[in-house]
Amino acid sequence: MDLKKFVGHLNEERAAMRVGKEGIEPNGLSLENMKGALSSLVESIVWTDQEGKIQWSNDPFDCLVEQKHKKVLGSKLIDLMPLMQNGHKLPSRLYPVNLLLDGEHQVRELYQWQKPSGKLLDLEVSGVQMDWNRSGKNAFVSFHDITEQKHTEEELREAQLQLIQAVKMESVGGLAAGIAHEVKNPLAVLQMGVDYLANSANGTGEIQAVLRDMKQAIVRADNVIKGLLDFSVSRKLEFVLSDLNPLVNRSLNLVKHELHKKQMTVVTDLAEDLPKICVDRNKMEQVFVNLYMNAIQAVLKGGTMRVKTYQKRLVKIGKVVGRRKTDIFKVGEKVVVAEIEDTGVGIPEANMDRIFDPFFTTKPLEQGTGLGLAVTEKIVQMHKASIDIENKPEGGVRVTLMFKVKGENG
Amino acid sequence: MNGHKKKLLIVEDDDAIARLLSMFLREQKFEVSVAQDGEAALQEAKSTTPDLIILDLILPSLSGEEICKAIREDDDEEVARIPIVVLTAKSADVDRIVCKVTGANSYVTKPFDRQGLLEEIRKWI
């Protein structure tokens, strides 16, 4: 029902009653009749006195707040239903009832509210201010539960995004596969040719050195092509319910040699009893190896890399996740987090926006193709996880990976 | 190698790769023949029954996958059993799948080094 119309109607009725004698019920409509009608609506409806105390509520409201009617009456609405907005508790002065009692005529806004039983609801709250008895202002408020609707909208949007991404990747993928074939054949000729010359040229050390350089150049070109293919192949991931810590350790093992070469110290702080997460193990290992390699390449000899895992419940959503704001996570959701920190040179702020761009790199040619973080970000996105990279105030970089816990908000 | 040289058939349409491959494999004491397309490859396989086939996946007319299937489904059991090492220029993921689907024995991804290829060949003969 349109609340404004309804209240307008109510005010008309009241005016008519004032004109007539008390007890006269024009058109057969009384407050009691009206209450009866409101009780049978699906919407949750309350009205409060000038202090925000509930004077009347209908059954759906009592049901929503999971309280007995007797308990509801006389309670302050703000105490029964402390609302949240964008993950923060709504300050008292901005509470809809208080806005109305402070003089707003009408409010209509989306809020979240956590039910006593724990479920987080999205509510559309609309209210109007009335002065229908002489004792002061009243607030008349209705609550519309749009949790399901919002969830469906989000799923739809997510599906659309995935579709767009898939179409994009398909065109890039087709291109990459085509290029790969065209480039890899000549590379194969070069590689075999170089091998042939290296084995037959009983030439000087100089010739051998040139051939070694050529071979390295071939490997480099091949790595770019492989990276491009990794980046574009949008095959289905094989998700398995896994523990994070063994994955962290296995990937560490893969970069053991590089760590040793740089004489680095690795400090691990892996929380016990982490909930399992849903990952494609191979792809996620690739993510960790990429991030470790970045850390290793960023530090000077003898640097330190810290790897930490823990679980937490989100109190608020981080500022920017990856490059984009996302709402893959919800406030109150339990997540598993992995942090990788280095004592390296950090990322110049000017480059921060570009670190995930394909082919963006500041590394020397033989170290980077500029595809590492692009591939990493893509894999993370396919896991509906998030990656956040920041400079630490004390120097070095911190990478934060955040994973959904199976069974938490889908 | 029991006295006589093992016969290899290289199916590759890229002249330069075919030439370098045969040079290398002859050095390694194999007997080598080259076919540049699918028709020629099938004919050669049936008439000479090589000990192993090195097969490029992307070829004019018949594709490597088709050649592979045709060989595996050949009436002559000896031909159907010839080990096949596929040369591919795709990614390792794709190659593994292709290998499974077509019935090739193994694969080498381009560019490859000579030792790697040799090891793959030696696995089968």
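Trainee: Let's start with A:N185: is its side buried or exposed, going by relative accessible area?

Mentor: This is a predicted model, so keep in mind that we're reading computed values. The cut-off for buried is under 20% relative accessible area. A:N185 has a relative accessible area of 8%, so the label is buried.

Trainee: Where in chain A is the place of A:N185?

Mentor: Look along the stretch of residues 147–200 in chain A. That run is a helix, and A:N185 sits in it. The element you want is helix α7.

Trainee: Which residues is A:N185 in contact with, leaving aside its neighbours within four places in sequence?

Mentor: Contact here means heavy atoms within 4.5 Å. With the sequence neighbours within four places set aside, the partners of A:N185 carry the chain letter B. They are B:D14, B:I17 and B:K110.

Trainee: What is the distance of the polar contact that joins the side chains of A:N185 and B:K110?

Mentor: A polar contact needs a pair of N or O atoms within 3.5 Å. The side chains of A:N185 and B:K110 are joined by such a contact. Its value is 2.3 Å.

Trainee: Zooming out, how many residue pairs are in polar contact between chain B and chain A?

Mentor: Two kinds of pairing are worth a look here. Salt bridges between chain B and chain A come to 0. For residue pairs in polar contact, with both at pLDDT 80 or more, the count is 3.

Trainee: What is the area buried between chain B and chain A?

Mentor: Interface size is often quoted as the accessible area lost when the parts come together. In this model the contact takes 19 residues from chain A and 18 residues from chain B. Carbon and sulfur atoms give 67% of the buried area, and the total is about 1,700 Å².

Trainee: Which residues in chain B lose the most area to chain A?

Mentor: Stay on the chain B side of the contact, with its 18 residues. Three of these together account for 36% of what that side buries. They are B:L20, B:P111 and B:R114.

Trainee: Which helix gives the largest share of the side of chain B that touches chain A?

Mentor: That side divides into 9 nonpolar, 2 polar and 7 charged residues. The largest share is 6 residues, coming from residues 15–27 of chain B.

Trainee: Back in chain A, what is the C-alpha separation of A:I225 and A:A180?

Mentor: A:I225 has its place in helix α8, residues 205–232, and counts as buried at 7% relative accessibility. Beyond its neighbours within four places in sequence, A:I225 is in contact with A:I179, A:A180, A:V183 and A:K184. A:A180 is 45 residues apart from A:I225 along the chain, yet their C-alpha atoms are separated by 6.0 Å.

Trainee: In what order do the elements of chain B run from the N terminus on?

Mentor: Chain B has 6 helices and 5 strands. Of its 125 residues, 48% count as buried. Read from the N terminus, the order is β-α-β-α-β-α-α-β-α-β-α.

Trainee: And how many helices and strands does chain A have?

Mentor: Chain A has 410 residues, and buried ones make up 42% of them. Among its contacts with a separation of 6 or more, 64% link residues 24 or more positions apart. The element count for chain A is 12 helices and 14 strands.

Note on methods:
Residues numbered from 1 in each chain as written. Chains lettered and ligands numbered in written order. Predicted model: local features only at pLDDT ≥ 70, side-chain atom pairs only at ≥ 80, totals over all residues. Heavy atoms only, no water. Helix = DSSP H or I, 4+ residues; strand = E, 2+ residues; numbered from the N terminus. Buried < 20%, exposed > 50% of the residue type's maximum accessible area, 1.4 Å probe, protein only. Buried area = accessible area lost by both parts, 1.4 Å probe. Salt bridge = Lys/Arg side-chain N within 4 Å of Asp/Glu carboxyl O. Polar contact = N/O pair within 3.5 Å; in protein donor to acceptor, adjacent residues only side chain to side chain. Nonpolar A, V, L, I, M, F, W, Y, C, P; charged D, E, K, R; others polar.
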